[in-house]
Amino acid sequence: MIADAAGRAIAFHIAPGQAHELPHAIPLLERLQGVPRWVVGDRGYTSHHFREHIWSMGARPAIPPQRHEAPIACPEWIYANRNQVERLWARLKEWRAVATRYEKTASSFMGILCLAATLDWIKR
């Protein structure tokens, strides 16, 4: 999921159950209409290739390195905003269908997810 600075959902992509989300991050970034100043992610998105892609699009990555990797500049003041996405997921999971994923198909789950995100936009 991509969220804006106000914590509103912009785009979703559903990954297969046991797959990592990192391969889906670049296509999600390409769905943005403009170039963000910062791309904030948690340690799960640590990848040299992903960071290079962020730099090449004109944004700055705020993704901390894995614990076993060399330190990389990751400003705390911008990384602190990552909780906006966590709070967005919490609001979306207030919908029982999102939290439990009752829908069998990815397309019907995506419909519920988009409906919940749309109503979240309207509330905010």
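In which helix is the place of histidine 49? Histidine 49 sits in helix α2, which spans residues 48–56, where helices (H or I, at least four residues) and strands (E, at least two) are DSSP runs numbered from the N terminus. The model is predicted, so local features need pLDDT of at least 70 and side-chain atom pairs count only at pLDDT 80 or more, whereas totals for chains, interfaces and linings use all residues. Residues are numbered from 1 along each chain as its sequence is written, and side-chain values use heavy atoms, with hydrogens and water left out.

- Leu22, Ala25, Ile26, Leu28 and Leu29 are the buried residues of α1, buried meaning under 20% relative accessible area, exposed over 50% and partly exposed in between, with a 1.4 Å probe and protein chains only.
- The exposed residues Pro23 and Glu30 are carried on the face of α1 that is turned away from its buried side.
- The cover over the buried residues of α1 includes β1 (2–3), β2, β3 (38–40) and α2, contact meaning heavy atoms within 4.5 Å.

- In α2 the buried residues are Phe50, Arg51, His53 and Ile54.
- Seen down the axis of α2, these buried residues fall within an arc of 160°, so they line one face of the helix.
- The buried residues of α2 pack against α1, β3 and β4 (60–62), while the face turned away from the buried side carries the exposed residues His48, His49 and Ser56.
- Histidine 49 has a relative accessible area of 57% and is therefore exposed.
- Although histidine 49 and isoleucine 26 are 23 residues apart along the chain, their C-alpha atoms are separated by 9.9 Å.

**How α1 and α2 pack**

- Two packed helices are described by the angle between their axes and the distance between the axes.
- Helix α1 (residues 22–30) packs with α2 at an angle of about 5°, and their axes are 10 Å apart; axes are lines fitted to C-alpha atoms, for helices over the stretch in contact, and angles run from 0 to 180 degrees between N-to-C directions.
- The two helices α1 and α2 are therefore roughly parallel to each other, given that angles under 35 degrees count as roughly parallel, over 145 as roughly antiparallel, 65 to 115 as roughly perpendicular and the rest as oblique.
- On the α1 side Leu22, Ala25, Ile26, Leu29 and Glu30 take part, and they meet His49, Phe50, His53 and Ile54 in α2.
- By class, this contact of α1 with α2 has six nonpolar, two polar and one charged residues, with Ala, Val, Leu, Ile, Met, Phe, Trp, Tyr, Cys and Pro counted as nonpolar, Asp, Glu, Lys and Arg as charged, and the others, Gly among them, as polar.

**Helix α6**

- Helix α6 (residues 106–123) has 18 residues, which at 1.5 Å a residue should span 26 Å, and its end C-alpha atoms are 26 Å apart, which agrees; the expected span is 1.5 Å times one less than the number of residues.
- The buried residues of α6 are Phe109, Ile112, Leu113, Ala116, Ala117 and Asp120.
- Down the axis of α6 the buried residues fall within an arc of 130°, so they line one face of the helix.
- These buried residues of α6 pack against β2 (9–11), α4 (83–92) and α5 (96–100), and the face turned away from the buried side carries the exposed residues Ser107 and Ile122.

- Aspartate 120 of helix α6 counts as buried at 7% relative accessibility, and, leaving aside neighbours within four places in sequence, aspartate 120 is in contact with Gly7, Leu88 and Arg91.
- Glutamine 84, in helix α4, is buried with a relative accessible area of 17% and touches Ala5, Ala6 and Gly7, not counting residues up to four places away in sequence.
- Arginine 101 lies in the loop between α5 and α6, is partly exposed with a relative accessible area of 36%, and has a phi near 50°, a positive value in a residue other than glycine.

Note on methods:
Arc of directions from axis to C-beta.
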